[in-house]
Amino acid sequence: MSVAPFLLGTLPTPIGTMLLVFDEASHLRALDWSDHEARMRRLLRLHYGTAFALRDAALPPAIHDPLAAYFAGDLGAIDGMTVHHNGTAFQREVWAALRTIPVGTTMSYGALAQRLGRDKAVRAVGLANGANPVGLVVPCHRVIGANATLTGYGGGLHRKQWLLAHEGVTLGGRQGRLDLG
């Protein structure tokens with residue numbers, strides 16, 4: 001088995017240093033925060049086994065520029081970023097659905113399961129959401145609890161709250177759109 005030569009770059013953001021794993025074709029493979037590096041590496045092992053190696057590198061413009069623009073206020077800048085990730089067919093289906101949740105809106109796990117035509121798979125949707133290796137670009141932070149509360153986020157709830165506020169969502173308020181299913 002050959003080892004995937006992944007590259008690791010960093011990006012300072014208003015909510016901490018972001019770690020970005022990408023391949024030689026500038027496809028984003030993983031994204032996490034420096035204080036959650038162990039989680040990121042765990043997800044990489046889950047998705048790639050031990051068949052990957054990380055080497056420090058500068059971020060290519062295809063990754064740096066859209067993320068920098070997002071944090072500067074161009075919220076749609078990350079929508080076209082290319083991501084490549086391993087996962088089960090179901091996980092990839094959930095991750096694709098996450099990318100359809102528009103900026104400034106949230107959705108409950110139940111509503112996301114309904115969107116997938118799998119009404120009874122709410123817990124499985126939650127597990128797939130939690131295994132998302134490319135948070136922010138695959139916007140798992142836009143999924144909230146059925147009672148409009150913040151639920152888990154791999155980077156910490158304080159970051160989830162900041163990201164949602166940055167995107168114009170106010171939970172319990174009138175700003176943004178809330179889809180509770």
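Helices here are DSSP runs of at least four residues, numbered from the N terminus. I adopted that numbering before looking up the pairs below, and I note that the model is predicted.

**Entry 1. Salt bridges within a helix**

I counted the salt bridges and found 6 in the structure. I began with Arg41 and Glu37, whose side chains meet in a salt bridge at 3.0 Å, N to O. Both residues lie in helix H1 (residues 37-48), 4 residues apart, so about one helical turn separates them. I then looked up their accessibility: Arg41 is partly exposed at 30% relative accessible area, and Glu37 is partly exposed at 28%.

**Entry 2. A bridge between distant parts of the chain**

I next examined Glu93, which forms a salt bridge with Arg118; their closest N and O atoms are 2.9 Å apart. This pair links distant parts of the chain, the two residues being 25 residues apart. Glu93 belongs to helix H3 (residues 89-98), whereas Arg118 sits in the loop between helix H4 (109-115) and helix H5 (122-130). For Glu93 I recorded a relative accessible area of 27%, partly exposed. Arg118 is also partly exposed, with 36%.

**Entry 3. A buried pair**

Are the partners Asp23 and Arg29 buried or exposed? I first confirmed the salt bridge between them, with the closest N and O atoms 3.0 Å apart. Asp23 has a relative accessible area of 8% and is therefore buried, the cut-off being under 20%. Arg29, at 15% relative accessibility, counts as buried by that cut-off.

**Entry 4. The nonpolar cores**

I turned to the largest nonpolar core and found that it has 43 residues. Those with the most contacts inside it are Met18, Leu20, Leu28, Leu67, Val94, Leu98 and Leu136. I listed the elements that give two or more residues to this core: strands E1 (4-13), E2 (16-22) and E3 (28-33), together with helix H2 (61-71), H3, H4 and H5. H3 supplies the largest share, 5 residues. I also checked the domains: this core draws at least three residues from each of domain 1 (5-72) and domain 2 (89-167).

Which residues does Leu20 touch, leaving aside those up to four places away in sequence? I found Leu7, Leu8, Gly9, Thr10, Leu11, Leu28, Ala30, Leu31, Leu59, Ile63 and Leu67.

How values were computed:
Residues numbered from 1 in each chain as written. Predicted model: local features only at pLDDT ≥ 70, side-chain atom pairs only at ≥ 80, totals over all residues. Heavy atoms only, no water. Salt bridge = Lys/Arg side-chain N within 4 Å of Asp/Glu carboxyl O. Buried < 20%, exposed > 50% of the residue type's maximum accessible area, 1.4 Å probe, protein only. Core = buried A, V, L, I, M, F, W, Y, C linked by side-chain atoms within 4.5 Å. Domains from an automatic or database assignment. Contact = heavy atoms within 4.5 Å.
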